[in-house]
Amino acid sequence: MTTQVPEATFKTRVRDESVGGDNPFRWEEKTTADIFGGKKVVVFSLPGAFTPTCSSNHLPRYEELYEEFKAQGVDEIICVSVNDAFVMFKWGQEQGNKNIFLLPDGNGEFTRKMGMLVDKSNIGFGMRSWRYSMLVNDGTIEKLFSEAGYCDNGETDPFEVSDADTMLAYLKGTESEGVSEPRKAFVG
């Protein structure tokens, strides 16, 4: 049995010069059909923008390997996080992100429907996404890599299989050599 990505609506901000002024952005709703329809997409989800592993390795490594993913027939790479559109935009700017579509799941609707919403209140985060990655082809989930130990208020944040190198190895039909070293330093 194949699994479809759940139906959800994302509240995004898009640049629109017709808006005018110093901040030419407007709200735009995007559905899962808009995002996944007719495309081969790699998705990775993480607990939060501006957090250590997400900022030092998870996003930067997918960005670094972007052309290699494209060479494997991937149309788009999407990073989902239970953060709002403004946070995702600023994080992308700080990271120097050029190629990864940062998809805000501010209400956690998509993440909840994926069965990946966890409580991280023990570290003051509230409800966030469990770390995972997946290959989606025209809305059908072909492969899912979910980190071990899914739970609420976990003591650790595993990062062993949702990384860029594991997904790229899967696409190439090879064995992953494991998670790469962090690409950026994190201070905070």
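**Sheet, cores and rings**

Modeller: This is a predicted model. Its open sheet of six strands has mixed pairing and the order β1-β10-β9-β4-β5-β6.

Biologist: Which are the edge strands of this sheet?

Modeller: An edge strand pairs on one side only. In this sheet that applies to β1 (3–4) and β6.

Biologist: How many bridges join strand β4 to β5?

Modeller: Strand β4 (residues 40–46) and β5 run parallel. Along them, V41 has E76 as its bridge partner in β5, and V43 stands opposite I78. The number of bridges joining β4 to β5 is six.

Biologist: In which sense do β5 and β6 pair?

Modeller: Four bridges connect β5 with strand β6 (residues 101–104). V80 stands opposite L103 in β6. The sense of the pairing is parallel.

Biologist: Is the β-α-β unit of β5, α4 and β6 right-handed or left-handed?

Modeller: The unit is made of β5, α4 and β6. Its hand is right-handed.

Biologist: How many residues of strand β5 are buried?

Modeller: Strand β5 covers residues 76–81, which is six residues, and is mostly covered. Buried here means under 20% relative accessible area. The number of β5 residues that are buried is five.

Biologist: Which element gives the most residues to the largest nonpolar core?

Modeller: The largest nonpolar core has 23 residues, and V42, Y62, F69, I77, W91 and I100 have the most contacts inside it. Two or more residues come from each of β4, α2 (52–64), α3 (66–71), β5, α4 and α6 (164–172). With four residues, the element that gives the most is α6.

Biologist: Which residues does W91 touch, leaving out those up to four places away in sequence?

Modeller: W91 is among the residues with the most contacts inside the largest core. Leaving out residues up to four places away in sequence, W91 touches L46, A49, F50, C54, S55, L59, C79 and L102.

Biologist: How many residues does the second core have?

Modeller: The second core is separate, and includes F36, V41, V80 and M134. Its number of residues is 19.

Biologist: The structure holds eight aromatic pairs. Is the pair of F25 and F89 stacked or edge-to-face?

Modeller: The ring centres of F25 and F89 are 5.3 Å apart, with the planes at 65 degrees. F25 is in strand β3 (residues 25–31) and F89 in helix α4 (residues 85–95), 64 residues apart. Planes over 60 degrees apart count as edge-to-face. The angle of 65 degrees is therefore the reason that the pair is edge-to-face.

Biologist: Is F89 buried or partly exposed?

Modeller: F25 has 17% relative accessibility and counts as buried. F89 has 41% relative accessibility.

Biologist: Which residue has its charged end over the ring of W27?

Modeller: The distance from this charged end to the ring centre of W27 is 4.9 Å. The residue is R13.

Terms used. Residues are numbered from 1 along each chain as its sequence is written. This is a predicted model: local features need pLDDT of at least 70, side-chain atom pairs count only at pLDDT 80 or more; totals for chains, interfaces and linings use all residues. Side-chain values use heavy atoms; hydrogens and water are left out. Rings of Phe, Tyr and Trp (its six-membered ring) pair if their centres lie within 6.5 Å; planes under 30 degrees apart count as stacked, over 60 as edge-to-face and the rest as tilted. Buried means under 20% relative accessible area, exposed over 50%, partly exposed in between (1.4 Å probe, protein chains only). A charge sits over a ring if NZ of Lys or CZ of Arg is within 6 Å of the ring centre and within 35 degrees of the ring normal. Two strands pair if DSSP finds at least two bridges between them. A crossover is right-handed if, with the strands pointing away from the viewer, the path from the first strand over the helix to the second runs clockwise. A nonpolar core is a set of buried Ala, Val, Leu, Ile, Met, Phe, Trp, Tyr and Cys residues joined through side-chain atoms within 4.5 Å. Contact means heavy atoms within 4.5 Å.
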